[in-house]
Amino acid sequence: MKKPVTSKKSKKLASKLHKILSLIFTPILLFVAISGIGLNHADIIKNISVPIQSLPENYHFKQWNRGIIQVLVKDDEGGVYAAGKNGLGYFFNGSYQHIDNPLATNTWQSFIYSLYYDRSTNQLFVGSRDGLFRYQVSTKQWHYYAQTREQHIVSILRSDDLQSIIAIANYKIFTVNKNEIKPLAVQLKQSSKPTPFFRFVFALHSGELFGIAGILLMDLVALLLIYFCLSGLYYWLFPKLVRTKLLTRKQQIKGGRAFRWFAKYHNFLGLVFAPLFIISAITAAIMRPPGLLLITSAYSPVDIISSHARKNIPYKITKAALVENNFFLLTDNGVFSGNLTNSETMVCSQIDFSVPVHGMGATIFQQQHDGSILVGSFSGLFSWQKSTNGYKKIELLADTSDLLPVAAHQTNSGLVVFDYFKGKLFDQSNAFASMPNSINNSTKMALWSFFFELHNLRIFEHYIGAFYLLLLLALSISLFTIVVSGTVQYLRKKSGYKKMP
């Protein structure tokens, strides 16, 4: 009796989908797997970097774009210190000078998030991705606060109440007095703000949702993906040998034993870990547009607590400002405020913050001379008043509907803005010098940052434009299809698929 036509066709379809999609996407899947492991372990790869010149042209800096300037502070001489991805620099009298930090041993440490200029001591405090530095301007001497190692110092403030510099990291706050530094006792009360669903998706994709155990499990999934790609490729390269020799368990051909090992565990491990690969594929599909648009208004079913979080600081602090001795901490679960007037511990409660901050977070959150806080994000640039909880949109010289401000500085002629994509804007009096072309010759990108660009396929944007997002979606759907079709084939084979009577 013949097999049903539909069953035969579905079997062939599953086989073809599994083979063709695997062959097409194997190179990209290998890149994604390797970069995913690196992203989960920044501490292992932070000493490695990639020259900017070796990357596609859209990664080169032009007119201070791409976050090469993310923070600016003015000194008493009329100059401006500026910092970002390329480390520290100084604008003065129409020129720009790079300031080398000999204590920053790698590109990771040279990435600067925050600056504070202390006029009383003529010192510059520098907050990097790997701790806090101090630069004595007059002697050009540097000091590194080793206690802050592995901390992202996102903001640096000065508290008149404490008579100290306050260095704020993602999950710790420090007080600094000369060479002494110690943690500041802080407690963030429970947030009443629901967690966006996209944060749940990101934490599930990386495994961080389940702590270090989840991260290691997703590392294993990435290693298995590498194994499946290589073993599947091996299987495809020798189809004739499979049919004539290897499946008869003869070892007359070189490599026969290795092939049988590949084939055996390719199927078995694929079945065991299929659910995790399906989760990886689905989460990857909705982590970036257009899939992300489906979940922008949804909220997480559970609170997301980072594996780096502390008991008293469960929410990641991304920026901070100080107004009238009140601390305002911008976190990924809203804005918290507190002071140290009546207690040794700064207890911060969540406040109603009226500014429409984009879901991806704020890039600017800094105190202004009039007591307001300047807030910038994908939603625009706004000025917020503490006393009224009111805000107003900053009026600039041109339409700013597509602006992503990463730094801003008030000059006599107006507000100069540094946009992530466009670079320096609205500098009518040329207060800031043009970017030297030599910056691209010396600047490097941390390997972790390169892996991030590779993992989300943005590295292909230079070649295919916004279609890289569709490539990412196609890769996610294909991985899902490869896993499902492979599982179907294996289960059919194991169940002893027989002819219909």
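**A strand and its partners**

Reply: In this predicted model, strand S16 (residues 326-331) is joined to strand S17 (residues 334-338) by five bridges, and the two strands run antiparallel.

How many of the six residues of S16 are buried? Six of the six are buried, and the strand is accordingly described as mostly covered. The cover is found on both faces: Asn-326, Phe-328 and Leu-330 are buried on one side, while Phe-327, Leu-329 and Thr-331 are buried on the other.

For comparison with another part of the chain, an open sheet of four strands has the order S2-S3-S4-S5, with antiparallel pairing. Its edge strands are S2 (71-74) and S5 (95-99), each of which pairs on one side only. Neighbouring strands of this sheet are turned against each other by 25° on average, when direction is ignored. Inside the sheet, strand S3 (residues 80-84) and strand S4 (residues 87-92) run antiparallel and are joined by five bridges, and Gly-84 has Gly-87 of S4 as its bridge partner.

Among the helices, H5 (residues 211-237) and H8 (residues 274-285) pack at an angle of about 95°, with their axes 11 Å apart. Because angles of 65 to 115 degrees count as roughly perpendicular, H5 is roughly perpendicular to H8. On the H5 side the contact is made by Leu-217, Met-218, Val-221, Leu-224, Leu-225 and Phe-228, and on the H8 side by Leu-276, Phe-277 and Ser-280. By residue class, this contact of H5 with H8 divides into eight nonpolar residues, one polar residue and no charged residue.

A single side chain gives a further local view, namely Gln-109, which is found in helix H3 (residues 107-110). Its relative accessible area is 4%, so Gln-109 is buried. Leaving aside neighbours within four places in sequence, Gln-109 is in contact with Leu-103, Ala-104, Ser-128, Asp-130, Phe-133, Tyr-144 and Arg-149.

The chain as a whole provides the setting for these parts. Its secondary structure comes to twelve helices and 26 strands, and its C-alpha trace spans about 90 × 50 × 45 Å along the principal axes. Of the 501 residues in the chain, 50% are buried, and the chain exposes about 25,600 Å², of which carbon and sulfur atoms supply 58%. Among the contacts in the chain with a separation of 6 or more, 56% are accounted for by residues 24 or more positions apart.

Note on methods. Residues are numbered from 1 along each chain as its sequence is written. This is a predicted model: local features need pLDDT of at least 70, side-chain atom pairs count only at pLDDT 80 or more; totals for chains, interfaces and linings use all residues. Side-chain values use heavy atoms; hydrogens and water are left out. Two strands pair if DSSP finds at least two bridges between them. Axes are lines fitted to C-alpha atoms, for helices over the stretch in contact, and angles run from 0 to 180 degrees between N-to-C directions. Angles under 35 degrees count as roughly parallel, over 145 as roughly antiparallel, 65 to 115 as roughly perpendicular and the rest as oblique. Contact means heavy atoms within 4.5 Å. Ala, Val, Leu, Ile, Met, Phe, Trp, Tyr, Cys and Pro count as nonpolar, Asp, Glu, Lys and Arg as charged, and the others, Gly among them, as polar. Buried means under 20% relative accessible area, exposed over 50%, partly exposed in between (1.4 Å probe, protein chains only). Accessible areas come from the Shrake-Rupley method with a 1.4 Å probe; for residues, only the protein chains shown count as cover.
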